[in-house]
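Let's work through a few exercises together. Have the sequence and the model open, and try each task before you read its solution.

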Amino acid sequence: MSTTGRYEARCRLLLRTYPRSWRAHREQEILGVLMDMHDQHDEDPSASRAPAHRPSWGVHLDLLTGGLQTRWERLFSFLPTAVRDRIAMLGLVLGAAVSTVIVAFGEITWPWRTAPVTTLTDGSSSSYVAPVIQTAGPVIYGLWVLALLLTLAGRAQLGRWLLAGAAAGALLLSIVRVIPHPPVYVLAPLALAAGLSTTGRLPTARTTRGWMAAGYIALTGALAATQLSQADTSTIWNPFQGFYRPGYADQGMHSLSVAVLALSAVCVVAGAIASLTGRRWFVAVLVTALPYLYLTLLSFSGVDRHQMLSTAAELTTVLLVGTALVAAGAKWARRDASRPADHQDPLS
Amino acid sequence: MASSEMREPTFLLLTALAGQPQHGYALTQEVAHLSGGRVRLKPGTLYAALDRLADEGLIALSGEEVVDGRLRRYYSLTSTGAGTLERETQRLRANVEAATVRLRTHGATSAATSQVTP
């Protein structure tokens, strides 16, 4: 195969990161641009390198991130832009508030404990000394807070990538059990809220009036203060992973779980309305919300400890099945999108 | 929520299209030229921006052709896009004029201060 042929083949491979419907409309056009760029490189007398047989790493990264971003945005395209933008900002603010509380009180001031404080047979307590940082949780929480600050400072795109990193990190920590991590029901709502926050266009200091950016920060602070004021400061047995958990984090996760459910409910209602024209997306959104409804009900109810311990694997299964159903829903929706009638959105 | 400012790549893209309809590769070249080589749009970024601008009604597809077996689509500025670019240009011009006046004053003050100081 010639150098040009190999270059084109690599470009086509990279473009597969974009959704099929996008490629049907755009692939030949963007491929033309890539090949023009390749020709320009070959014709440039200042280019000292041999003819390129693949795009630069910068173009690799650009197409990979562009493709993933396009796929992700299409997943939520059934929602009107205004709804998506508001969900994104609410998700960001709520997650940042919860993260602030947990990183300050859940991890540092009153850390998660990786072993229970047991009472020995002679009546004394074990001599377990907790390290300053107990789990990898602060990485996730830090990303959240940084994303909020960067977004309000005008770097919304970077904020989106931090949120995507927070979501990926939270999911990864839930799966990779080697690294100490907060309970699954702490990570799961944070991951979902981070996901929701990357579906819309986040308003930045440049695109909002000055008082709105200050308002978002004030709202974050107020939510964090509310969680603190309502928190039970006693340690509670964490039935999921044998941790003790402070009441601050407990309260924070309850708040976030409810908020995520409320946001999911908005998606369900909007999806249901959209489905009146034949869209089936609300089914996918519904099954997304179900695992978190299940998690929230469990976290609120006083279920027997042993029974709850046995549900850890069950929760993971629910999450995985939920994700698989969402993926199936996405394919279903793509088929729908190819029908002319589906281009009408009753909410827009 | 009021959009009060436009990002530089968007401004350059709209400026590039203000002259005449352009295809994707020509747009990357034109943006690089307009920015003195500072802004070099890669294809993924370019098409994400074109999709967004088309959604917002600032640009529109104006034609297509096949050159050497390669599909080229031409984009043009809509009247909404021209209005948006005009407003952004006025905003930037006002900023430049304000800064120029202040800098002139600053220069005069500095010169006077240096003459007084022994």
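**Exercise 1.** In the hairpin of strand 2 of chain B and strand 3 of chain B, which residue takes a positive phi?

Before the solution, a word on conventions. Residues are numbered from 1 along each chain as its sequence is written, and chains are lettered from A and ligands numbered from 1 in the order in which they are written. This is a predicted model, in which local features need pLDDT of at least 70 and side-chain atom pairs count only at pLDDT 80 or more, while totals for chains, interfaces and linings use all residues.

*Step 1.* Find the strands: helices (H or I, at least four residues) and strands (E, at least two) are DSSP runs, numbered from the N terminus. Strand 2 of chain B covers residues 59–67, and strand 3 of chain B covers residues 70–77.
*Step 2.* Look between them. The hairpin has two residues between its strands, and B:Asp68 is the one with a positive phi, near 55°.
*Step 3.* Compare with the general rule: most residues other than glycine have a negative phi. B:Asp68 has its positive phi although it is not a glycine.
*Step 4.* Check its surroundings. A residue is buried if 20 or more other C-beta atoms lie within 10 Å of its own, exposed if 12 or fewer, and partly exposed in between, with C-beta atoms placed from the backbone. B:Asp68 counts as exposed because it has 9 C-beta neighbours inside 10 Å.

**Exercise 2.** Work out the strand order of the sheet in chain B.

*Step 1.* Count bridges, since two strands pair if DSSP finds at least two bridges between them. Strand 2 and strand 3 of chain B pair in the antiparallel sense over eight bridges, and strand 1 (residues 22–23) pairs with strand 3 in the antiparallel sense over two.
*Step 2.* Pick out partners. B:Ile59 has B:Leu77 as its bridge partner, B:Val67 has B:Arg70, and B:Gln22 stands opposite B:Tyr75.

**Exercise 3.** Describe helix 1 of chain B, checking its span and finding its buried residues.

*Step 1.* The expected span is 1.5 Å times one less than the number of residues.
*Step 2.* Helix 1 of chain B lies across strand 1, strand 2 and strand 3 of chain B, at about 95° to strand 3. Here axes are lines fitted to C-alpha atoms, for helices over the stretch in contact, and angles run from 0 to 180 degrees between N-to-C directions.

Notes:
Two residues are in contact if their C-beta atoms, placed from the backbone, lie within 7 Å.
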